[in-house]
Amino acid sequence: WTIKQRTVAMVSGDGEYDLGTDVIDVLSVVVRRDGTDFQLERLSRDEFLNIPVKTTTGRSNQYFLDRQLTPNLKLWPVPENSTDTIVYWAVSQNEDITASYQDTDVPYRWTEAMCAGLASKLALKLPNVPPQRLQILLTQAESAFQFASDEEGEKAALRIIPT
């Protein structure tokens, strides 16, 4: 998967927006109005279901992500104008490689983990791979994955602010 920032133009009175079929999840969402970003709070399915009047209009401040085949972002209140923009960080599936001249849609820090993981998976499927060699490949794959995974951590300091 990859993380990409995306935008959607809001439509007055329309509280539902289909995201791309490659979207797996959404990390954060803001409404951008006149250059100012307003954070939206994520709701669970039950919390969204329990909103009594879903047609209320105003500046959206909450969302529910309905993770279907084509994920659907449901906003509340429903947008009051068509000048605002939804800006969100999407976790997306990597693009397929369909030709030999294309590069993998994988950050460089993950290349070794991807190659080592593929080598160990192939070794499991091939006949006559010595168990010692298989164990070496599995250990290399695990080590490469751990190294790349450790690089994914957030570099910002954690701040806890009481309300």
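This is a predicted model: local features need pLDDT of at least 70, side-chain atom pairs count only at pLDDT 80 or more; totals for chains, interfaces and linings use all residues.

Visitor: What do E3 and E4 form, and how many residues lie between them?
Guide: They form a hairpin with two residues between them. Asp 34 sits in the turn and has a positive phi of about 50°.

Visitor: Which residue in E4 is the bridge partner of Val 31?
Guide: That's Phe 38. Val 31 also has a bridge partner in E10, namely Ile 86.

Visitor: OK, E10 then. How many bridges join E3 to E10?
Guide: Eight, and the two strands run antiparallel. One of the pairs there is Ser 28 with Trp 89 in E10.

Visitor: Which sense does E10 take when it pairs with strand E1 (residues 2-9), parallel or antiparallel?
Guide: Antiparallel, over eight bridges. For example, Ile 3 has Val 91 as its bridge partner in E10.

Visitor: And what actually holds paired strands together?
Guide: In a sheet, strands pair through backbone hydrogen bonds, in either a parallel or an antiparallel way.

Visitor: Is E10 mostly covered or mostly exposed?
Guide: Mostly covered: six of its eight residues are buried.

Visitor: Let's talk about the inside. Which residues touch the most other members of the largest nonpolar core?
Guide: Val 26, Leu 75, Ile 86 and Tyr 88, out of 16 residues in that core. Strands E3 (23-33), E7, E8 (72-76) and E10 (85-92) each supply at least two residues of this core. E3 gives the most, with four residues.

Visitor: What is Ile 86 in contact with, leaving aside its neighbours within four places in sequence?
Guide: Quite a list: Arg 6, Thr 7, Val 8, Met 10, Tyr 17, Val 29, Val 30, Leu 73 and Leu 75.

Visitor: Switching topic: what is the strand order in the open sheet of four strands?
Guide: The order is E2-E8-E7-E5, and the pairing is mixed. Strand E2 (16-18) and strand E5 (41-42) stand at the edges with a single partner strand each, so one side of each has no neighbour in the sheet.

Visitor: How many bridges does E5 share with strand E7 (residues 62-66)?
Guide: Two, and they pair in the parallel sense. Arg 42 has Tyr 63 in E7 as its bridge partner.

Visitor: I spotted Asp 66. Where is it?
Guide: Asp 66 is in strand E7.

Visitor: Why does Asp 66 count as buried?
Guide: Because its relative accessibility is 11%, and buried means under 20%. Leaving aside neighbours within four places in sequence, Asp 66 is in contact with Arg 45, Pro 71, Asn 72 and Lys 74. The C-alpha atoms of Asp 66 and Ser 44 are separated by 9.3 Å, with the two residues 22 apart along the chain.

Visitor: How do the lining residues divide into nonpolar, polar and charged?
Guide: Seven are nonpolar, two are polar and three are charged.

Conventions: Residues are numbered from 1 along each chain as its sequence is written. Side-chain values use heavy atoms; hydrogens and water are left out. Two strands pair if DSSP finds at least two bridges between them. A nonpolar core is a set of buried Ala, Val, Leu, Ile, Met, Phe, Trp, Tyr and Cys residues joined through side-chain atoms within 4.5 Å. Buried means under 20% relative accessible area, exposed over 50%, partly exposed in between (1.4 Å probe, protein chains only). Contact means heavy atoms within 4.5 Å. Ala, Val, Leu, Ile, Met, Phe, Trp, Tyr, Cys and Pro count as nonpolar, Asp, Glu, Lys and Arg as charged, and the others, Gly among them, as polar.
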